Amino acid sequence: TETFVTKYYEEEICKIQDLLKKGNLVCVEGFVGIGKTSIINFSLHNLSFHTIRIVADNFLSQSELLLSVFLDLWGIPMHTIVKDFTKENINDIVKVVTERSSNETTGKIIESLLVKNSSEGLADEYYNYLICQYLIYNMKIHNGNVSYIFFIENIMKASDEIQQLLTYICKL
């Protein structure tokens with residue numbers, strides 16, 4: 001319950017909040033059922049950050065994970081819109097993004113995220129670099145109004161490919 005967690009972990013919650021406000025990376029580990037998620041939720045509750053929650057072992061590929069993160073940033077519900085995109089929809093989106101950004105690479109990144117079952121080059125270091133730079137660019141657009149916290153769960157159960165990408169994002 002809220003009373004139990006806030007009473008017994010008050011010091012840890014305050015420490016987590018202070019570290020997050022300073023932009024630090026926080027890792028909470030422990031046995032199953034000990035209350036890690038509850039402590040994190042209570043730590044995030046009073047902070048004015050946009051939380052991007054990632055359950056790492058829910059994703060089969062980097063493209064799925066990245067699409068989920070971008071849709072969260074853009075405020076687009078994953079299951080109601082993107083799952084129904086046709087190839088024509090994706091081509092139209094890529095065309096508009098490429099024109100507006102004046103950058104063909106950005107269009108290719110968006111296309112690789114939206115195309116179902118696309119895995120070509122996704123574990124490539126250069127791809128990770130490009131996509132993460134694009135992610136940071138998108139986050140900085142709202143830098144004056146919104147700060148972000150990535151809440152990543154079950155990273156130890158995720159595939160090596162997902163772990164590699166999440167580690168790279170955390171380092172950035």
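At what angle do helix 4 and helix 8 pack, and how far apart are their axes? This is a predicted model, and in it I read an angle of about 10°, with 11 Å between the two axes. Since angles under 35 degrees count as roughly parallel, I therefore noted helix 4 and helix 8 as roughly parallel to each other. On the helix 4 side I listed Gln62, Leu66, Val69, Phe70, Leu73 and Trp74 as making the contact, and on the helix 8 side Tyr127, Asn128, Ile131, Tyr134, Leu135, Asn138 and Met139.

Next I turned to the nonpolar cores. The largest has 30 residues, and of these Leu65 and Leu66 touch the most other members. I found that at least two residues of this core come from each of strand 1 (50-55), helix 4 (62-74), helix 6 (87-101), helix 7 (104-114), helix 8 (125-141) and helix 9 (160-171). For Leu65 I set aside the neighbours within four places in sequence, and the contacts that I then recorded were Ile54, Phe59, Ile162, Leu165 and Leu166. Another core, of ten residues, lies apart from the largest one, and its members include Val5, Ile13, Ile16 and Ile39.

I then went to helix 2, which runs over residues 10-21 and spans 17 Å from its first C-alpha to its last, close to the 16 Å expected for its twelve residues at 1.5 Å a residue. Which residues of helix 2 are buried? I noted Ile13, Ile16, Gln17 and Leu20, and because they cover an arc of only 100° around the axis, they sit on the same side of helix 2. The face turned away from that buried side carries Glu11 and Lys15, both exposed. After helix 2 comes Gly23, where I read a positive phi, near 85°.

Is Ser43 buried or exposed? Ser43 belongs to helix 3 (residues 36-45), and with a relative accessibility of 0% Ser43 counts as buried. Leaving out neighbours within four places in sequence, I found Ser43 in contact with Ile13, Ile16 and Gln17, which are among the buried residues of helix 2.

My last entry concerns Asn145, which I located in the loop between helix 8 and strand 2 (148-153). Asn145 is exposed, with a relative accessible area of 72%. Although Asn145 and Phe49 are 96 residues apart along the chain, I noted 9.6 Å between their C-alpha atoms.

Technical notes:
Residues numbered from 1 in each chain as written. Predicted model: local features only at pLDDT ≥ 70, side-chain atom pairs only at ≥ 80, totals over all residues. Heavy atoms only, no water. Helix = DSSP H or I, 4+ residues; strand = E, 2+ residues; numbered from the N terminus. Expected span 1.5 Å × (residues − 1). Buried < 20%, exposed > 50% of the residue type's maximum accessible area, 1.4 Å probe, protein only. Arc of directions from axis to C-beta. Core = buried A, V, L, I, M, F, W, Y, C linked by side-chain atoms within 4.5 Å. Contact = heavy atoms within 4.5 Å. Axes fitted to C-alpha atoms, helices over the stretch in contact; angles between N-to-C directions. Parallel < 35°, antiparallel > 145°, perpendicular 65-115°, else oblique.
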